[in-house]
Amino acid sequence: MRIIPLLFLYFTLSRCSGSKEKPVEITDSKEPMGIPKMFERNGEPVDFDRFNGKIIIVNLWATWCMPCVKEMPDLFALTKILPTDQFELILATDQSMETIDKFVAKRGLDLHYVQLQNSIESLGVYALPTTLIYDRSGKEIHRLLGDRGWTSEKTLLFFKNMLPE
């Protein structure tokens, strides 16, 4: 009798743990939006002009979102793989600057953390993590729903296909 609850617990936890081999689930943006306003951790507005000509990857996250936190080391690894002259990765949350700073101090990952000016929901996002991809002109072109293996072969091929030939 004890085996049934244990099996249930095992399968439930294994489904929640995510997989680095998860397929790249891509949603083309139905109503493409421009890049939302964001603030650097020093309170200054993010200067998107300095990313001119780059594909911008905005990963929406929260400190309380365990899948978000779990994928951050893989996102950091992704920044070391993608060409920095072609891609910019930004991690954006609508939490307070104080909360972001405490999180960054505790985790220590060298990623570009910013604060959204408005709520995540104002972007039509109701589940985290969600990643928004913007083309070189700043138009939203894809939404990637959920956590993933950011350095998996399928994900890297997805980004490679965005590069000019």
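Hi everyone, let's begin with the pocket. Helix H2, residues 66-81, and strand S4, residues 87-93, each supply at least two residues to the lining of the largest pocket. Before I go on, please keep in mind that this is a predicted model.

So, which element gives the most to that lining? It is H2, with four residues. The volume of this largest pocket comes to about 260 Å³. Its lining has 14 residues, and the closest to the pocket centre are Thr79, Thr84, Phe87, Glu88 and Leu89. If you sort the lining by class, you get eight nonpolar residues, three polar ones and three charged ones.

Now let's move to the charged side chains. Side chains of opposite charge can pair when their charged atoms come close. How many salt bridges does the structure hold? There are five, and I'd like to walk you through some of them.

Let's take Arg50 and Glu40. These two form a salt bridge, and their closest N and O atoms are 3.1 Å apart. Both residues sit in the loop between strand S2 (38-39) and strand S3 (55-60), ten residues apart. Is Glu40 buried or exposed? Glu40 has 15% relative accessibility, and because the cut-off for buried is under 20%, Glu40 counts as buried.

Next, please find Asp101 and Arg41. Their side chains meet in a salt bridge, at 2.8 Å from N to O. Which parts of the chain does this pair tie together? Asp101 lies in helix H3, residues 97-107, while Arg41 lies in the loop between S2 and S3, so the pair joins parts that are 60 residues apart in sequence. As for accessibility, Asp101 is partly exposed at 28%, and Arg41 is partly exposed too, with a relative accessible area of 36%.

My last pair is Lys102 and Glu98. Lys102 forms a salt bridge with Glu98, with 3.2 Å between the closest N and O atoms. Where do they lie? You'll find both in helix H3, four residues apart, which is about one turn of the helix.

To recap, we have looked at a pocket lined in part by H2 and S4, a salt bridge between Arg50 and Glu40, one between Asp101 in H3 and Arg41 in a loop, and one within H3, between Lys102 and Glu98.

Terms used: Residues numbered from 1 in each chain as written. Predicted model: local features only at pLDDT ≥ 70, side-chain atom pairs only at ≥ 80, totals over all residues. Heavy atoms only, no water. Salt bridge = Lys/Arg side-chain N within 4 Å of Asp/Glu carboxyl O. Buried < 20%, exposed > 50% of the residue type's maximum accessible area, 1.4 Å probe, protein only. 1 Å grid on protein atoms, 1.4 Å probe; cavity = no way out; pocket = protein on both sides within 12 Å on 5 of 7 lines; lining within 4 Å. Points joined across faces, edges and corners; volume = space filled by probe spheres on them. Nonpolar A, V, L, I, M, F, W, Y, C, P; charged D, E, K, R; others polar.
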